[in-house]
Amino acid sequence: MASLTPFSHSHSHSLLKMPNVRPPPPPSFFSSFILKDFPYSKTLSLKLPRMVTRNVVVSATTAEKPRKRYPGEAKGFVEEMRFVAMKLHTKEQAKEGEKEVKQPEERPVQRWEPSVDGYLKFLVYSKLVYDTLEGIIDKAPFPSYAEFRDTGLERSEKLAKDLQWFKEQGYTIPEPSSPGVTYAEYLKELSEKDPQAFICHFYNIYFAHSAGGRMIGKKVAEKILDKEELEFYKWDGDLSQLLQNVRDKLNKVAESWTREEKNHCLEETEKSFKYSGDILRLILS
């Protein structure tokens, strides 16, 4: 991910006096020249009494404090979100990872032994989260949410088919409870008052499932499902293109945010990881 070095503008100051014998350039031309070639300049035109007929134009570059450039900013806000998300991985999980393992549940799994009961809980709780997300997007309490309707990444209907398949195999489908209910309620609350934080969860849930989630699904299928590929891990159409379409929409929405709002969105990433991680760990319960 690119990191851009802060830049600063040099200070300049010039004073131009137009002779009496020449008329001043048309204001429209001069203004467009200043704005085009010196975007940080300020133009001041002083009209003197008619008998003097002299214009003075002052152009000065104002001193500006260099603005910090954020990693990935040049490529769009989604790249900033990706950068922050990757940093929250450990080195063993990703080469860009910086997270230090502090809690027992953060340690890598030594033995991958999923259980059907645990996996069913994971699917049921995941469906509740996707139901909630997709319901929020459909109602769109903030107009920007409507951008993310019918993206092709929706998972709720796919999960419904998978749970029906398990039922047909003779398994009892559990009712959702915490941590799934807790996360769903949190998403509802965020969506109504904090769109930047909500979009952070939207991004991490869908994009994480399309990457690491698929790998986990394959491992589970090999261990306990006789390699049965669930609908949860299938998409209609080219997944890479579906993801790119959503990236473009996310970047478009974020263009209207202030830098403070963007930072607020990025700061929500850790909570997103925690809530999703609590559900993911059910697979091994």
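Leaving aside its neighbours within four places in sequence, which residues is tyrosine 233 in contact with?

## Around tyrosine 233

Setting aside neighbours within four places in sequence, tyrosine 233 is in contact (heavy atoms within 4.5 Å) with Tyr119, Phe122, Arg155, His209, Gly213, Arg214 and Gly217. You will find tyrosine 233 in the loop between H6 and helix H7 (239-254). Methionine 215 is 18 residues away from tyrosine 233 along the chain, and their C-alpha atoms are separated by 9.4 Å.

## About the model

This is a predicted model, in which local features need pLDDT of at least 70 and side-chain atom pairs count only at pLDDT 80 or more, while totals for chains, interfaces and linings use all residues. Residues are numbered from 1 along each chain as its sequence is written, and side-chain values use heavy atoms, leaving out hydrogens and water.

## The chain as a whole

The chain has nine helices and three strands, taken as DSSP runs numbered from the N terminus (helices are H or I, at least four residues; strands are E, at least two). Starting at the N terminus, the order is β-α-β-β-α-α-α-α-α-α-α-α. Of the 285 residues, 38% count as buried.

Among contacts with a separation of 6 or more, 75% join residues 24 or more positions apart.

## H3 against H6

Helix H3 (residues 116-139) and H6 have axes that come within 12 Å and cross at roughly 155° (axes are lines fitted to C-alpha atoms over the stretch in contact, and angles run from 0 to 180 degrees between N-to-C directions). H3 and H6 are therefore roughly antiparallel (over 145 degrees; under 35 is roughly parallel, 65 to 115 roughly perpendicular and the rest oblique). On the H3 side, the contact includes Tyr119, Leu133 and Ile137, and on the H6 side it includes Phe202, His209 and Gly217.

## H6 against H8

Helix H6 (residues 195-224) also packs with helix H8 (residues 259-267), at an angle of about 45° and with the axes 8 Å apart. That makes H6 oblique to H8. Here Gln196, Ala197 and Cys200 of H6 meet Glu261, His264 and Cys265 of H8.

Technical notes: Buried < 20%, exposed > 50% of the residue type's maximum accessible area, 1.4 Å probe, protein only.
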